[in-house]
Amino acid sequence: MALKRNFQSLETFSMSSMTDVIFLLLIFFMVTSTIIFPAAIDVNLPQSSEQTSLKPVTEVYIDAEKNIFLVEDRNDSTHTLSEPVAITLDDLAVRLTAIQQKDSLRSVALYADSLVDYGKVVGILDMAARQNLKMVLATRAKAPAQPAK
């Protein structure tokens with residue numbers, strides 16, 4: 001006894017699954033685009049033609065008003081960054097010592113506003129060098145040269 005099933009093809013196309021996929025992609029790109037920017041501190045970096053591929057896990061920021069902020073990783077396995085914390089120069093020395101004791105091969109990125117005095121930047125670079133930490137001075141890429149008209 002053979003049973004026959006009646007299959008009917010639908011004449012309409014359902015777009016509901018397609019819109020779900022598009023919304024998921026939209027959410028994914030919105031979330032990942034916010035990860036690209038470092039911390040929410042407004043620092044106008046100087047320009048440089050050379051860039052490094054080194055990804056430091058600890059970041060020090062100096063804004064235009066010469067306020068110092070520190071951003072450390074919360075967990076060494078995932079390198080999740082914490083929120084920026086305003087600190088003094090003395091506290092920075094203590095924190096850099098603690099960072100060096102945890103991991104002597106760790107590098108620290110310094111994001112200094114272009115209006116900050118050169119002496120202040122060199123002072124922080126020297127403080128990290130005394131702790132035997134590798135310090136990376138962050139810059140923004142130079143704009144490509146415009147062809148002469």
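**Exercise 1.** Locate Ile22 in this predicted model, and state which nonpolar surface patch includes Ile22.

*Solution.* Begin with the secondary structure: Ile22 belongs to helix α1, which covers residues 16–36.

**Exercise 2.** Work out the strand order of the open sheet, and say which strands form its edges.

*Solution.* The sheet has 5 strands, arranged as β6-β3-β2-β7-β8 with mixed pairing. Its edges are β6 (85–87) and β8 (134–137), each of which pairs on one side only. From one strand to the next, the twist averages 30 degrees. Within this order, β2 and β7 pair in the parallel sense over 5 bridges, and Val60 stands opposite Leu110 in β7.

**Exercise 3.** Describe the largest nonpolar core, naming the residues that touch the most other members and the elements that supply two or more residues.

*Solution.* The core holds 18 residues, of which Val60, Ile62, Ile68, Leu92, Leu96, Leu110 and Ile124 touch the most other members. Two or more residues come from each of β2 (58–62), β3 (68–71), α2 (89–102), β7 (107–112) and α3 (118–130), with α3 giving the largest share, 4 residues. Apart from this core lies another, of 6 residues, including Tyr61, Phe69, Val71 and Ala109.

Note on methods. Residues are numbered from 1 along each chain as its sequence is written. This is a predicted model: local features need pLDDT of at least 70, side-chain atom pairs count only at pLDDT 80 or more; totals for chains, interfaces and linings use all residues. Side-chain values use heavy atoms; hydrogens and water are left out. Patches are made of residues with over 30% relative accessible area and no salt bridge: like charges are joined within 9 Å, nonpolar side chains (Val, Leu, Ile, Met, Phe, Trp, Tyr) within 5 Å. Accessible areas come from the Shrake-Rupley method with a 1.4 Å probe; for residues, only the protein chains shown count as cover. A salt bridge is a side-chain nitrogen of Lys or Arg within 4 Å of a carboxyl oxygen of Asp or Glu. A nonpolar core is a set of buried Ala, Val, Leu, Ile, Met, Phe, Trp, Tyr and Cys residues joined through side-chain atoms within 4.5 Å. Buried means under 20% relative accessible area, exposed over 50%, partly exposed in between (1.4 Å probe, protein chains only). Two strands pair if DSSP finds at least two bridges between them. Axes are lines fitted to C-alpha atoms, for helices over the stretch in contact, and angles run from 0 to 180 degrees between N-to-C directions.
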